[in-house]
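Trainee: I am new to this structure. Please show me how to read it, feature by feature.

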Amino acid sequence: MHLKAILTTILCMATLWVAMPAHAQSAHGKLIIALDHFVGDQPLITDTVTYKNALGQPFTITKFRYYIGEIHLYNAKNEVTICKQYFLIDEDEPESKKIELKHIPDQEYTSIELTIGVDSASNCSGAQSGALDPANAMFWAWNTGYVFLKLEGKSPISASPGHLLQYHIGGYKTPANCIRTVRLQLKKPLNINSNNQLHIKVDALEILKTPTAIDFTTLSSVTDFHYATTIADNYADMFSIEEIK
Amino acid sequence: MRSKALAILLIMSAGLLGFTATNKYFVITREDVVLRIPKGFPKPLYRFKDNKLTPEKFLLGRKLFYDPILSKDSTISCQSCHMRIAAFGHSDHALSHGFNGLIGKRNVPALQNLIWKDTYMWDGGVNNLEVQPINPITNPVEMNESLAGVIKKLQGNSQYVADFRAAFGDTVVTSEKLLKALAQFTGLMISADSRYDRYMNGSDTFSTSEKSGLNIFRGKCASCHKEPLFTDNSYRNNGLQPDTALKDKGRSAITGKDNDDYSFKVPSLRNIDMTYPYMHDGRYRKLRNVLDHYGNSAGYCSKADKDVYKIGVLTEQDKKDLLAFLATLSDKTFIYDRRFVDPFLK
C-alpha cells in the first residue's frame, strides 16, 4: 500500500509537470451549438400548426429527426479543427437540439462546416452505440445504412394512406448518395472562451422547397433511393447562422 | 416403497452424472474461440477487429442464436430457419414461415464461412456481418420485433444481464453488444472439413465418378462457384425465369441498376446436399432439378449471365458425376461440432 501511494504521488507530479506547460501553450474550451427549428419564419411546432409549402399546399409536421456530424471549425487562416462525432437531433427531444463540442482549441473561428448524414466508413462499421445505435430507429437493415433525415407529417392533399407525408432520406453510395456538407460563414468571429454559443437556424421548409419544390399530390413519400437525392439537394441549404452569443 | 425410493435415488444420481458430463460438452474454452483459417482459404473479410473473440461473448452469441426471445412473441429463434441438422439452412422449406406463420419471399441461405463475405443476403443489401441479424429480428414476416424491444426483454432477464456482464464487463444491454456477440457465434461457423477438403489435402480419396464430377465442375461451374469457398461472392442472373407471383428483382433493389434485375448472390455450395430446396426462391426440390436447369440453355430467361451460357449441355453421366461430387461438399465435422449445438438442450 505504502509503495503504491508513493508511486501514485510520483505519477501525479510527473503528470502535472508534463501537463502544465502544454496547458499554458494552448487552452481548450467548449462550443455549444443550438439548433433552432423553424418552418420558414415560424418556429417549428409539431402536430398543431399548419404550414404551407412552396406551392401553397397545407401540411403539419409530426416528426423531424436528422444526423449531423463531422463538424469542422475554420479560423481566419483557414486552419481547421475537426470533431468527428455524430449527433442525432430530434425535434421531440429538446436536449438533443443543443450539442456540446468539448476540447476545442481556444481560437477565433470564422466559419463552420457540418455534414448532414453519416459518412461512408460509419455506415459500414457494423454494430455501433450512442447516436449511431441502430436501435435509434434511424437505420435501414435491408440495405445497410443510416437514415440521415426523417421528416414526417400530414397534408390533406397527400395521396398516401392517412394523408401522410413521409420522407426518410439516407444512402452513402450510388445510386443515392445523400450525404451533404455545408460551410457557413459566421457573422462575426466566434471566440471559444468569451462567446461560445452558436445558434443555427434549421429551416424544415427548405427540405421541401429549393431547388425542387415538392408537390404533396405527386411525392408524399420517399423511403428508398427513388427521389432521395432530390430531397437531399433540398436539405443541403436548411442551415443558416442565426447568432453568436 | 423402499425399493422405489432407491430406484428414484439411482435415477437421480445417474441424471446428475449425466448432467455433469453434458455440461462439459457445452463448455466453451479460450481454445474453442481461436480463429483458425483453413489451409488454402483467403484472408477473411470480417476480422473480429473491433470484436475480440472471447468464450463469454461466443457463449452469449450462441444462446441468443438459439433463443426465441429475439422474436416478438418468443416463438421464432435464429435456428427456427437456420437448423444445425440442415447445415444451418431450412430443410424442406422453399420459403420459410416466421411470426404468426407469415411466409417470406426468399429461400433461407445456409450459414457457414460468413467471415469471407463483405455483403450478405440474396441481394447483398447488408454490408457487415454484425448488422445482418437486424433483418430477421425486425422483419414483420420473420421475428417482427424491434431492437429496442429485444433490449428491453434482455435487460429484464437477470440471467441475460449476468451473461452480458460476463461478456462485456457491465450490465447494460445494448444492440451493439447483442450484435457483436451474435457475430462471434456466426463468424466462427467455419466449414472446411468435407470429403472434398480431405481429398484436397490428401487424407481421403475420390471415386471415379466423384473425380469426374470435380473435373466437370471445374470446367463448367467454378467460374462462379469458386473454390475453396465455392462462391466468388458476386451477384448474377442465373437464367431462372422470374417468378411472377414473388416479383423479386433481387440485386437491382439495392443498386438501382436495371442491369442487376433478377441478379442474386452466387451461393456457396458447401453442404449443398443438406440444404434443399434450392435457388433464391427455393423453386427446385432436388439438386438434380438445378442441374437440369443449367444444362438447358433454351429455358434460360433473356438476361442470363454469360458464364451461365458457357455451361452448355450436361449429359446424364455429367449430372450423375456432378451430383456425386457435390455430395462430397457435406461437412459432418461442421454440423456435429459441439460448439454450435443448441445450449438449451443442456
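Trainee: How do H2(B) and H7(B) lie to each other: roughly parallel or roughly perpendicular?

Mentor: One reminder before we start: this is a predicted model. Now the general idea. A pair of packed helices is described by the angle between their axes and by the distance between those axes. Here, helix H2 covers residues 55-66 of chain B and helix H7 covers residues 175-187 of chain B. Their axes cross at roughly 90 degrees and come within 7 Å. Angles of 65 to 115 degrees count as roughly perpendicular. H2(B) and H7(B) are therefore roughly perpendicular to each other.

Trainee: Which residues of H2(B) and H7(B) make the contact?

Mentor: From H2(B), look for Lys57(B), Phe58(B), Leu60(B), Gly61(B), Arg62(B), Leu64(B), Phe65(B) and Tyr66(B). From H7(B), look for Leu178(B), Ala181(B), Leu182(B), Gln184(B), Phe185(B) and Thr186(B). Sorted by class, the contact of H2(B) with H7(B) has 9 nonpolar, 3 polar and 2 charged residues.

Trainee: Let us take a single residue. Is Thr275(B) buried or exposed?

Mentor: Check the relative accessible area against the cut-off. Buried means under 20%. Thr275(B) has 13%, so Thr275(B) is buried.

Trainee: Where is Thr275(B) found, and what does Thr275(B) touch?

Mentor: Thr275(B) sits in a loop of chain B, between strand S2 (264-265) and helix H11 (287-294). Leaving out residues up to four places away in sequence, Thr275(B) touches Ala86(B), Ala87(B) and Ala110(B).

Trainee: Now chain A. How many helices and strands are there in chain A?

Mentor: Chain A has 3 helices and 16 strands. Chain A has 245 residues, and 50% of them count as buried. The accessible surface of chain A is about 11,800 Å², with 57% of that belonging to carbon and sulfur atoms.

Trainee: In which sense does S14(A) pair with S1 of chain A, and in which sense with S16 of chain A?

Mentor: Take each partner in turn. Strand S1 (residues 28-39) of chain A pairs with S14(A) in the parallel sense, over 7 bridges. There, Val202(A) in S14(A) is the bridge partner of His37(A). Strand S16 (residues 239-244) of chain A pairs with S14(A) in the antiparallel sense, over 5 bridges. Find His199(A), and opposite is Glu243(A) in S16(A).

Methods: Residues numbered from 1 in each chain as written. Chains lettered and ligands numbered in written order. Predicted model: local features only at pLDDT ≥ 70, side-chain atom pairs only at ≥ 80, totals over all residues. Heavy atoms only, no water. Pairing = 2+ DSSP bridges. Helix = DSSP H or I, 4+ residues; strand = E, 2+ residues; numbered from the N terminus. Axes fitted to C-alpha atoms, helices over the stretch in contact; angles between N-to-C directions. Parallel < 35°, antiparallel > 145°, perpendicular 65-115°, else oblique. Contact = heavy atoms within 4.5 Å. Nonpolar A, V, L, I, M, F, W, Y, C, P; charged D, E, K, R; others polar. Buried < 20%, exposed > 50% of the residue type's maximum accessible area, 1.4 Å probe, protein only. Areas by Shrake-Rupley, 256 points an atom, 1.4 Å probe, with all protein chains shown as cover.
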